[in-house]
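Please look over this complex before we talk. My notes follow, point by point.

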Amino acid sequence: MSTETTLRRSVGTAAATATSAGLAFAAIDYLGVVSILAYAPGATAAFAILVGGLIVVLVSAIFSELNGLYPSAAGIRLYLGRAVGNRTALSVTFTYMTTVILVIAADAFLIGAAVRHVLHEPSALAYVWIVVLLGVALAANLRGVRMASWVQTIVTYTVLVGTSVLSIIAIVHVGGAFRQPFNIFGSGSFSGIQAIAFALFLYAAFEWVTTTAEEARRPQVITRALFIAPVLIWIVSTLFALALAHLVPYGALHHSATPQLLLGTRALGTVGEMWMLALTVLTALNTFNGGFLVASRFMYAAARENNLPRPFAKLNMNAVPWVAVTSLTVVSAIVAALVFATGQWLMLVSVGAAIECAIYAIGSLCVVRLRARVTSDRPFRMVFAKPLASFGVVLFSALFLATAFADPKDSRRFSVVPFLIIAVLGFFATLYVALVVPRLERAAAARNAERRPTRRPPRPGTGPDEPVAGRVDELP
Amino acid sequence: MADWDELKEALADYTRSCNNNERLRKMQRDWSRVLHFVCSDSDVTFSMHVDRGEILSTPEGREGVPDIVVTTTSETFCDMFWGDLNPVQKYLRGEITVKGSQEDVMRLDAISYVIWPDS
């Protein structure tokens, strides 16, 4: 049966592109550029961002194909489940969702630091701002406040255009020469690879737009967004990197959690600083709106599926899964506190970049496997899918290793900390899926055995015990 | 395969359960939507008009411009409206497909969860 019906409210290319770019371009991206500069100094950073963008074309193709196969908010579970099995899919998805928490925590920390910096308050007050920000986000979410799609679109384009315009002013207005052009291996043997891996992080999360596939006017809308949004991010990030390299010495960036404010001040004084502060706060609207929504709804669905404890599906009177939203806020506040206490904000960039590379490698693997297993039509088919996706598995695995063992501040040093953090997250996710999920499933089965009898009356001429499709006691 | 009469019976029970549930009505007080349901195994389609959480009608055919379109087998629809299956499990396995916003998809499942907490 055809379901080609036009929805009253559906998402077009401009809105989907804004969603994709908005999810990717968070406040942490300003720090991501600083990490690239550590490995690809000066104008060379722009080259690394370009190479990262070219690699992202492959990611766009991979997720376009997967989204075409499973155009659903549950798409990641469906294609991972069919490619690598349900248990592995769950472990990967749980680990993936931790990046949402990292980004929420990072943005809360960065915005808190930016507000404190502009108000010239003691550094301890930054954490007060973090708690206030998360508290406001929590209250808005619990009350069911959602940003309308058109507001999200305007916010995203304002952030992208605002950052670009200030960067152009910084490059053109102030004058001077770029330092160290095309010196991609200038900071060590592997610095070019690491610079590209960090550049990839700037585009990270753009693929989350696939969770809105069910709202898209046509399947092609998501595909277009997946290819257009990275171009916008490439332009903005390149301009920002060139402006930073042009105006702000790396020594000043090295210890700063607010490189965008330094650039604003150097370019336009107080006006520039306030300009960048306003844009930083605006990025939080997208992060808190999109991040909380994606992660809390995932937790709700997982609890309803008996993969998380049932309280995570509890709804308040605004139909919001309040336990999930509150837990996300508390965990984000704890992560932000750890970052605040240790000063290791660039570590979030390393961990986030490495997890994204791992997800891209797994996505590539899904394309390789599903090309052989699923032959149905799809609105987007990659050309040379098997060789390109196989190449993706190798490439993104290498980039995962490059970032997981990189010190985001110092290109001359290796660090095992990002890898250890990811290994611990992955270990606990796997342990949870192996030990806790089966217990939750058994508890659900026991509840179903004791539950009320089937409500549906038996069809005339059939026995009461005849199985009916999809009953609640049918567990995956 | 369930026919329209069986679906109608299930829908009548579902409508009663929803409209008589005070907690659900309060929770869905800001939720006014037109839903279309498409049976993938027959040519049966039907609609549901919800106004501030109250189900006003469930006519056969596609009536009005939908906010949400749900597609699955007629048997699954029957079991879903009788509260005999967990819609999320079917959705996460790709057996129920939905066109609509993520928020509306969750609201739709929330109805089943509130009426039948043991589902």
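**Notes on the two chains**

1. Residues 24 or more positions apart account for 80% of the chain A contacts with a separation of 6 or more. Two residues are in contact if their C-beta atoms, placed from the backbone, lie within 7 Å. In chain B, the corresponding share is 64%.

2. Some ground rules. This is a predicted model, in which local features need pLDDT of at least 70 and side-chain atom pairs count only at pLDDT 80 or more, while totals for chains, interfaces and linings use all residues. Residues are numbered from 1 along each chain as its sequence is written, and chains are lettered from A and ligands numbered from 1 in the order in which they are written.

3. Confidence. The model scores ipTM 0.91 and pTM 0.86. Chain B averages a pLDDT of 92, and 99% of the residues score at least 70. pLDDT is the predictor's confidence in each residue, from 0 to 100.

4. Overall form of chain A. Chain A has 15 helices and zero strands. Helices (H or I, at least four residues) and strands (E, at least two) are DSSP runs, numbered from the N terminus. The radius of gyration of chain A is 23 Å, close to the 23 Å that the globule rule gives for 476 residues, so chain A is as compact as a globular protein of that length. That radius is taken over C-alpha atoms, and the rule is 2.2 Å times the number of residues to the power 0.38. The C-alpha atoms of chain A fill a box of roughly 90 × 50 × 45 Å along the principal axes.

5. Inside chain A. Buried residues make up 54% of its 476 residues. A residue is buried if 20 or more other C-beta atoms lie within 10 Å of its own, exposed if 12 or fewer, and partly exposed in between, with C-beta atoms placed from the backbone. The largest nonpolar core has 206 residues. Such a core is a set of buried Ala, Val, Leu, Ile, Met, Phe, Trp, Tyr and Cys residues joined through C-beta atoms within 7 Å. Helix H5 (residues 86–119) of chain A gives the most to this core, with 19 residues. Phe109(A) is among the residues with the most contacts inside the core. Beyond its neighbours within four places in sequence, Phe109(A) is in contact with Ile130(A), Ala336(A), Val339(A), Phe340(A) and Trp345(A).

6. Chain B. There are five helices and five strands, in the order α-α-β-β-β-β-α-α-β-α. Buried residues make up 55% of the 119 residues in chain B.

7. Look at strand E2 (residues 45–51) of chain B. Its covered face holds Phe46(B), Met48(B) and Val50(B). Thr45(B), Ser47(B), His49(B) and Asp51(B) make up the uncovered one. E1(B) and E2(B) pair in the antiparallel sense over six bridges; strands pair if DSSP finds at least two bridges between them. Met48(B) is the bridge partner of Leu35(B). E2(B) also pairs with E3(B) (residues 54–57), antiparallel over three bridges, and Val50(B) stands opposite Ile55(B).

8. The interface. 48 residues of chain B are in contact with 38 residues of chain A. The largest share of the chain B side, eight residues, comes from H5(B). That side divides into 18 nonpolar, 15 polar and 15 charged residues. Ala, Val, Leu, Ile, Met, Phe, Trp, Tyr, Cys and Pro count as nonpolar, Asp, Glu, Lys and Arg as charged, and the others, Gly among them, as polar.
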